Amino acid sequence: MRNVDRLPFILAGVLFLLAWLLGFPMRAQSAPLEDVQCTLIADAATGKTLYQDGVCDQRFSPASTFKVPLSLIGYDAGILSDEHTPTWNYKPEFNAVKRDQKAVDPAIWERDSVLWYSREITRRLGNEKFAGYVSRFNYGNGDVSGNPGKDDGLTRSWVNSSLQITPVEQVAFLRQVLAGKMPVSAKAHEMTRAIMPSFKAGDWAVQGKTGSTRLGEGGKGRRSLGWFVGWAQKDGRQVVFARLVVDAKRTDMPKGLATRAAFLKDLPQLIQ
């Protein structure tokens, strides 16, 4: 090949090298992100890993699994009182989906995963107290700033925004909740455990919280995530768990509910 014929290839190579050195985005970076799946189960008392499969150390939005720490916060701050107090009525300005346009108490909030109720708790807390609790909890990356330039950390940070957590961190947090070792009152621990939704998985009695959200800017990405986190008990034995699914596959139900259904089916085979 003549030198003049090589020139375009040489120039392309030089440009590619410069782009790499200067940190410019490359075409390869626009490729779809890989799917992520994790199932992690640990002994509640010792923390020993009993089962682990998949990528469990990558942070994602907690979505509605954040209702677990938010319950601790609400009861500790005196905003929540018991399983059915306070009951707040729906207001049109909440702009909620039709199924959430109803009166909601703490038990219904956790069971039906009502977002506007979460936001009413955080609004009553205020930015400083909210950020302080999340920091003391050492919850994920602790970032409740929200979306850049939107000043929405108080109402959006845990839904496809700044706050993120790994399955490993979810399990470590849940162990502290069960042990009553979070920096909140004994009542806050007790009530949070009381309002967690209950399920059966074979002989296992399970309490857990789902989480679902679409990823990407404004929740408009192709990928969505589903969480199911909590604890389970059988014959005096107690475990904590986190299952996470992140992919672009469509399901007939919110991804968190599909993730929960699959985990409840799998649990008796995963831990004998």
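This is a predicted model: local features need pLDDT of at least 70, side-chain atom pairs count only at pLDDT 80 or more; totals for chains, interfaces and linings use all residues.
Contact, in this briefing, means heavy atoms within 4.5 Å. By that rule, the buried residues of helix H7 pack against strand E1, helix H2 (67–76), helix H5 (127–137), helix H8 (186–195), E5 and E6.

- Six strands form an open sheet in the order E2-E1-E6-E5-E4-E3, and the pairing is antiparallel.
- Strands of a sheet pair through backbone hydrogen bonds, which may be of the parallel or the antiparallel kind.
- At the edges stand strand E2 (49–54) and strand E3 (198–201), each of which pairs on one side only, while the twist from one strand to the next averages 20 degrees.
- Strand E1 (residues 36–43) is joined to E2 by five bridges, the two strands running antiparallel, and Ile41 stands opposite Tyr51 in E2.

**Helices on the sheet**

- Helix H7 (residues 167–179) lies across E1, strand E5 (224–234) and strand E6 (237–247), and runs at about 150 degrees to E6.
- Helix H9 (residues 255–270) also packs on the sheet, where it touches E1, E2, E3, strand E4 (204–214), E5 and E6, and its direction makes about 35 degrees with that of E5.

**A closer look at H7**

- At 1.5 Å a residue, the 13 residues of H7 should span 18 Å, and this agrees with the 19 Å that separates its end C-alpha atoms.
- The buried residues of H7 are Pro167, Gln170, Val171, Phe173, Leu174, Val177 and Leu178; seen down the axis of H7, they fall within an arc of 165 degrees, so they line one face of the helix.
- An α-helix has 3.6 residues a turn, so residues three or four places apart point the same way.
- Just after H7 comes Gly180, which takes a positive phi of about 70 degrees.

**Aromatic rings**

- The rings of Trp116 and Tyr117 have centres 5.9 Å apart and planes at 55 degrees, so this pair is tilted, and both residues are buried.
- Phe241 and Phe263 form a stacked pair, with 4.4 Å from centre to centre and 25 degrees between the planes.
- Because Phe241 lies in strand E6 and Phe263 in helix H9, their pair ties together parts that are 22 residues apart in sequence.
- Phe241 is buried, with a relative accessible area of 0%, and Phe263 likewise counts as buried at 0% relative accessibility.
- One aromatic cluster is formed by Phe66, Phe130, Tyr133, Phe137, Tyr139, Trp158 and Phe173, and Phe173 is also one of the buried residues of H7.

Conventions. Residues are numbered from 1 along each chain as its sequence is written. Side-chain values use heavy atoms; hydrogens and water are left out. Two strands pair if DSSP finds at least two bridges between them. Helices (H or I, at least four residues) and strands (E, at least two) are DSSP runs, numbered from the N terminus. Axes are lines fitted to C-alpha atoms, for helices over the stretch in contact, and angles run from 0 to 180 degrees between N-to-C directions. The expected span of a helix is 1.5 Å times one less than its number of residues. Buried means under 20% relative accessible area, exposed over 50%, partly exposed in between (1.4 Å probe, protein chains only). The arc is that of the directions from the helix axis to the C-beta atoms. Rings of Phe, Tyr and Trp (its six-membered ring) pair if their centres lie within 6.5 Å; planes under 30 degrees apart count as stacked, over 60 as edge-to-face and the rest as tilted.
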